[in-house]
Structures are given as C-alpha cells and as structure tokens.
Amino acid sequence: MERYFKRRFASTTSSSDNVGSSSSRDVDISRDVDSSKESELQDILANLIADPGLRPQMLDYDPNIRDEVRRAYPQKGPCQPKDHTFPQTDLSGYDRRFNVKWFDEFDWLEYSISKDVAFCLYCYLFKSNFRIGQGCSDAFTEMGFRNWKKKDKIRQHVGPVGSVHNQSRQYCVDLMNQKQHIRTILIKQSEQARIDYRICLTASLDCVRFLLRQGLPFRGHDESDTSSNKGNYLELLQFLADHDEKVKAVVLENAPGNLKLIAPTIQKDLVNACATETIKKIINDMDGAFFSLLVDESRDVSVKEQMAVVFRYVDKSGM
C-alpha cells in the first residue's frame, strides 16, 4: 500500500494553525502552478519545430495552451523551404520530386525536409476538432503526401466549401482575428462576472466527474423546487453550495437565470465534453498498442438487457 499512499504524520500545531497554513499553501501552490504553466508555454513558443514531419501532434499539447500554439504557427508562417534541393523519387519508372511552384499555388502547403513529404498547415492545427469519419485524412497531417506525379490529389485535399480543409482554414482565420477571439469577448465582461462563471462551471464539472466516476444517474424523478430529492446532480451541487460560500454565491438560485448550468441539455454537454477528452486521452496513451474489450450483458428487474464494457490496454509508460 505504501507504493500508492504516503504516510501522514500528526502535526504538533493546533488545528486552527493548520487551517491558516494550508490556505496560504494552497495560494502559493496555485501561483507556482500558474507560473510553471506560463514558463512551459513560453518555452514551447520559443522552440517551435519548423519541420512539419518532426512536430508533435496538436493533441499532445495541453488543452490550456493549444490555442496559443495554434496562433504561433500561422504567425510564423508555413514551412516552405523554396531554396531547398528537393530529392528525386522513382515513381512508376520516372524520377519525380516536389515542385517548388506548388508553394505559390497552395499557400497552406508545407514541406518536410527530414521526410521528403508534404503537409497541410491548417489541417495540422485543427484536424483534432473533427470526429473520425467526417472526411479527416492522415495524408496531409501525420503520414504526409509524396505522390509527386498526382498534383490533383492536392486539389482534392482542398475539396468543396464545407470540406475539413476549408473549415480548418476558417477556424484559423477566426483564431487570428482578435476581435472574434473568445478571450477578447470575455475581456469586455467584468472581472467579477468571469470569476463567478468559472466557479460555477468548476463546481458543475466536479459534480459531473464524481457521478461519472461512480457510475451514478444524474436526473431525478422530480426536480422541482419543492421536491425532497431532486436527483444526484442537483443534490450534489446543493451539497457543494452548502459547504462552500464561494460556490453558494454563484450557483442554483444565486446564479443568473440563463446561466445556472443545471438544464438537462447542459448536463449532457458536460458529460459529452468529459467523454470526448477521455477518449482522446485513451487514444493518445495507446499509441497504436493492442487492447482488449470485455463485454457482458445481464437482465435487470425491469426485464431489460444492461451491457457493461471493460476496456483494457497498456499505455506508453507500461501501465
């Protein structure tokens, strides 16, 4: 057990001293975390990898800094080594190589000197916003394109107006447009309003994470104000409010009428957000490794089949 839990020794100080010191330690830790994240971001931005064949995938970056990294690459510009001597490759008996004129025709096109393949800057930055099966391809993002005799494939990658490439390009334009950026919009709000919303959202997410981890239902049969049991989500949120004055001041009846974060659709949005991030994390941890699925069904008292799925895999660290 000592491998997983550290021993806790009794302190000689009084409980009141412990409360005061723990509060100050929490503030110091929070500041240290923010400082370390800012330092990490500055280090990443100062050492951006120009060669698209050597870059980490966008999902490998922390979600809190992805937009900053995404904004840095367009500012730096696509990797287009026009003075490079492109090597020739034997394709169907003919020597072919990358044509430097393609850079002028396709402003998003990038070339990897290390791998002798072409990539798409916009799709690299925003491909993670799309689900598998929405037209996403690894040809211009992970594997790279090198069929130099088929220039039409590059045009096909662009596709129609609603293609993944064009949507990714629009995402990039919106991100670079500071007037439309979410951070600029939030600045227009008062500092206190943003703090209150963050506290409310954090409390709601804490409830969602707890219920998901324990496999408990969210909704109640009667969620009205006069109900003695409004369901696990609302009751847990009320429990947090009763034990934290900061939370109580911004949730439930003290929250704005259009920002309570308790509607069924909002609950589903929070659950879907947790599920999406969990799936991304699992896929990233697997890194193409083998996995196993255990599936079982049993009939409950309502004579309905209930299915349970167990997903097992070994991550990059061998865990």
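The model is predicted, so local features need pLDDT of at least 70 and side-chain atom pairs count only at pLDDT 80 or more, while totals for chains, interfaces and linings use all residues. Residues are numbered from 1 along each chain as its sequence is written, and side-chain values use heavy atoms, with hydrogens and water left out.

**Backbone**

Most residues other than glycine have a negative phi. Asp-116, not a glycine, has a positive phi of about 55°. Asp-116 sits in the loop between strand S3 (109-112) and strand S4 (117-120); helices (H or I, at least four residues) and strands (E, at least two) are DSSP runs, numbered from the N terminus. Its relative accessible area of 8% makes Asp-116 buried, where buried means under 20% relative accessible area, exposed over 50% and partly exposed in between (1.4 Å probe, protein chains only). Leu-252 also has a positive phi, near 55°. Leu-252 belongs to the loop between helix H10 (245-248) and helix H11 (264-286) and is buried at 11% relative accessibility.

Ser-112, in strand S3, is buried at 0% relative accessibility. Its side chain makes a polar contact with the side chain of Asp-51 at 2.6 Å; a polar contact is a pair of N or O atoms within 3.5 Å, where within protein one must be able to donate a hydrogen and the other to accept it, and residues adjacent in sequence count only if both atoms are side-chain atoms. A polar atom of the Ser-112 side chain also lies 3.3 Å from the backbone nitrogen of Lys-115.

Pro-56 lies in the loop between helix H1 (15-46) and helix H2 (66-76) and is partly exposed at 28%. Leaving aside residues up to four places away in sequence, Pro-56 touches Ile-49, Tyr-61 and Tyr-124, contact meaning heavy atoms within 4.5 Å.

**Salt bridges**

The count comes to 12 salt bridges, each a side-chain nitrogen of Lys or Arg within 4 Å of a carboxyl oxygen of Asp or Glu. Among them are these:

| Pair | N to O distance |
|---|---|
| Arg-71 and Glu-68 | 3.3 Å |
| Lys-151 and Glu-105 | 2.7 Å |
| Lys-127 and Glu-142 | 3.6 Å |

Lys-127 and Glu-142 both lie in the loop between H4 and H5, so their pair ties together parts 15 residues apart in sequence. Lys-127 is buried at 16%, whereas Glu-142 is partly exposed at 40%. Salt bridges with shared partners join Glu-105, Lys-151, Asp-152 and Arg-155 into one network.
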